[in-house]
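Colleague: Hi! Could you walk me through this one? I'd like to start with a helix.

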Amino acid sequence: MALHPEGLPSMKELEFTTGLHRATIRQHVETLADAEIVEVVEFPPGERTKGQPSKFYGITETARDVFDRNNVFVREHWQEVYARVDKQDEIERAQAARRPDRYPASSRGE
């Protein structure tokens, strides 16, 4: 996955970091979501901003726990590598996009 600091890359960031076509990425994301490895996080319709992504993709807490226990996909390492990658302005703008709250208060029982 693209390594946005918040761990929620947009489709544009995934296209950039993987070099894959959007349709291919979507198929992989659906498979990973069915396996509860990846989750789709969206802005509610009233909070979306025109011209900005509304869907983002993240590793589930369950998958993160498994990765952490097995030293797979060490976030800090890959964030360092990704920070050094030369990115087009379009990708820099995608990285700067506001992200939805991954765990809204209503889902936390607040």
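Colleague: Which residues of helix α1 are buried?

Modeller: This is a predicted model. In its helix α1, which covers residues 11-18, the buried ones are Met11, Glu13 and Leu14.

Colleague: And where do they sit around the axis?

Modeller: They cover an arc of only 160° around the axis, so they are on the same side of α1. As background, an α-helix has 3.6 residues a turn, so residues three or four places apart point the same way.

Colleague: Nice! What do the buried residues of α1 pack against?

Modeller: Their partners are α2 (22-34), β2 (55-59) and α5 (89-96).

Colleague: What comes just after α1?

Modeller: Gly19 is there, and this residue takes a positive phi of about 75°.

Colleague: Let's switch to Thr60. Where does it lie?

Modeller: Thr60 is in the loop between β2 and α3, the latter being residues 61-69.

Colleague: Is Thr60 buried or exposed?

Modeller: Thr60 is buried, because its relative accessible area is 12%, and the cut-off for buried is under 20%.

Colleague: Which residues does Thr60 touch?

Modeller: Leaving out residues up to four places away in sequence, Thr60 touches Glu36, Ile37, Val38, Glu39 and Arg102.

Colleague: Now the whole chain. How many helices and strands are there?

Modeller: The protein chain has 5 helices and 2 strands, and along the sequence they follow the pattern α-α-β-β-α-α-α.

Colleague: What percentage of the residues is buried?

Modeller: Of the 110 residues in the protein chain, 27% are buried.

Colleague: And what about the accessible surface?

Modeller: For the protein chain it comes to about 7400 Å², and carbon and sulfur atoms account for 50% of that.

How values were computed: Residues are numbered from 1 along each chain as its sequence is written. This is a predicted model: local features need pLDDT of at least 70, side-chain atom pairs count only at pLDDT 80 or more; totals for chains, interfaces and linings use all residues. Side-chain values use heavy atoms; hydrogens and water are left out. Buried means under 20% relative accessible area, exposed over 50%, partly exposed in between (1.4 Å probe, protein chains only). Helices (H or I, at least four residues) and strands (E, at least two) are DSSP runs, numbered from the N terminus. The arc is that of the directions from the helix axis to the C-beta atoms. Contact means heavy atoms within 4.5 Å. Accessible areas come from the Shrake-Rupley method with a 1.4 Å probe; for residues, only the protein chains shown count as cover.
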